[in-house]
2 protein chains.
Amino acid sequence: MSKVFVDLGISLDGFIAGPNGGPTNPLGDGGLGIHAWMFAQQAFRDHLQLGPGGETGADNRYVEALFARTGASILGKRMFEEGERSWPEEAPFRTPVFVLTREVRTPWERKGGTTFFFVNDGIQSALRQARHAAGARDVRISGGARTVGQYLDAGLVDELSQSVAPILLGGGVRLFDAVDHRAVAFDLVETIASPAITHLRYAVRRPTS
Amino acid sequence: MSKVFVDLGISLDGFIAGPNGGPTNPLGDGGLGIHAWMFAQQAFRDHLQLGPGGETGADNRYVEALFARTGASILGKRMFEEGERSWPEEAPFRTPVFVLTREVRTPWERKGGTTFFFVNDGIQSALRQARHAAGARDVRISGGARTVGQYLDAGLVDELSQSVAPILLGGGVRLFDAVDHRAVAFDLVETIASPAITHLRYAVRRPTS
């Protein structure tokens, strides 16, 4: 069966976004630095049609595999709204995307394969729809922190990957502030390291009591 | 020249000790779980004279190398006082240890090679004395968080290793709360991963402005 996964960038001091974040500063001060490694990869540049070039090593293979496995994504309302203002016309998903929201809205189709579906009846329903849309591919819980926390707490996530950037942000958003630490346990399954970034992949399960 | 290094265990949610820590609970609730991997290693069991047995793989080599490189340690006053109550008669250092304190006290020699020296004139002086005592070997800033933070902020640390345990503590002590995030920058130099623990080693430098 396809997997439900989370794949986040995180600073060495544990933030997935920097301080002073908001609608016009979605990654917070310095938060772009978490993802700097990714912008340099050929697969990322391809995916966003940024033109030729880019790195082709282990980090690029990581990005390629991430795009290849993702059959659908789930977003929280705020992350969607921030993206709605800032994504290019060809939104950077190229799959169905399910948005958790109270807003009733018809699907929003973008060029390049992204269609946003607005789900009003909760995280289980969004996951069911996303699984169906993804087929044999995996479902990514894309964010933000609160949405990821809800899926982790509910025991619905199979895998969590953190890409640890060697930077300090000094403040901002912590994923695990939104997670019940008694609800989940982790087993390391893979580490991929380059000078720019360290990818740590964990299988997620319920704790043994 | 010998190096000044920090080597800490940390939970996946970023804590070096759990919640509700105090004199009788120095690692905080659940904090022992950060170090569980280490207690299983042959080199650690040898070092603490816990008897034969223990694991002999990559994590054991990590512990062996850690003990072998350490020629002297520096401790904050609180960490020393907690240890003074709980260490066995053969204190688990087997090197000179320099304690940052206002207390004027003659050196305290323990069986097995550990002597505690009490330093009243600041972190630079403690480091100078520790370097001298360590000779060709390295100086470890052992903790706690505030002491490590002081040395990092002052630009006196060459290397930081974090051993990331796949557990959540939900609260406790964060190293980087005690660090000025504008004062230090990191370059990944090594990753060693086992199912039990992920060792991330960084070179520490001043940020390029």
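User: Taking contact to mean heavy atoms within 4.5 Å, what do the buried residues of α6(A) pack against?

Analyst: They pack against β1 (4–11), β2 (70–76), β3 (96–100), α5 (123–134), β6 and β9 (198–205) of chain A. Helices (H or I, at least four residues) and strands (E, at least two) are DSSP runs numbered from the N terminus. This is a predicted model, in which local features need pLDDT of at least 70 and side-chain atom pairs count only at pLDDT 80 or more, while totals for chains, interfaces and linings use all residues. Residues are numbered from 1 along each chain as its sequence is written, chains are lettered from A and ligands numbered from 1 in the order in which they are written, and side-chain values use heavy atoms, with hydrogens and water left out.

User: Which residues of that helix are buried?

Analyst: In α6 (residues 145–153) of chain A, they are Ala145(A), Thr147(A), Val148(A), Gly149(A), Tyr151(A) and Leu152(A), where buried means under 20% relative accessible area, exposed over 50% and partly exposed in between (1.4 Å probe, protein chains only). The helix is followed by Gly155(A), which has a positive phi near 75 degrees.

User: And Gly143(A), buried or exposed?

Analyst: Gly143(A) counts as buried because its relative accessibility is 1%, and this residue lies in strand β6 (residues 138–143) of chain A. Leaving aside neighbours within four places in sequence, Gly143(A) is in contact with Ile74(A), Leu75(A), Gly76(A), Met79(A) and Val148(A). Gly143(A) and Met79(A) are 64 residues apart in sequence, yet 6.7 Å apart in space, C-alpha to C-alpha.

User: Switching to the interface, how much area is buried between chain B and chain A?

Analyst: About 1,900 Å², of which carbon and sulfur atoms give 69%; buried area is the accessible area (1.4 Å probe) that two parts lose on being put together, summed over both. Leu12(B), Leu168(B) and His181(B) supply 29% of the area that chain B buries against chain A, more than any other three residues. In contact terms, 23 residues of chain B meet 23 residues of chain A.

User: How many salt bridges does the rule find across it?

Analyst: Two, a salt bridge being a side-chain nitrogen of Lys or Arg within 4 Å of a carboxyl oxygen of Asp or Glu. The side chains of Arg174(A) and Asp177(B) meet in a salt bridge at 3.8 Å, N to O. On chain B, β7 (159–165), β8 (185–193) and β9 (198–205) each supply at least two residues of the side that touches chain A, and the largest share, four residues, comes from β8(B).

User: What does Thr198(B) touch?

Analyst: Not counting residues up to four places away in sequence, Thr198(B) touches residues of both chains, among them Leu188(A), Thr191(A), Leu200(A), Tyr202(A), Gln162(B) and Ile192(B). Thr198(B) lies in strand β9 of chain B and counts as buried, at 1% relative accessibility.

User: Last topic: how many aromatic pairs are there over all chains?

Analyst: The count comes to 26, with rings of Phe, Tyr and Trp (its six-membered ring) paired if their centres lie within 6.5 Å, and planes under 30 degrees apart counted as stacked, over 60 as edge-to-face and the rest as tilted. The rings of Trp87(B) and Phe116(B) have centres 5.3 Å apart and planes at 10 degrees, so the pair is stacked. Trp87(B) lies in the loop between α4 (77–86) and β3 (96–100) of chain B, and Phe116(B) in strand β5 (residues 115–119) of chain B, so the pair ties together parts 29 residues apart in sequence.

Key
Contact means heavy atoms within 4.5 Å.
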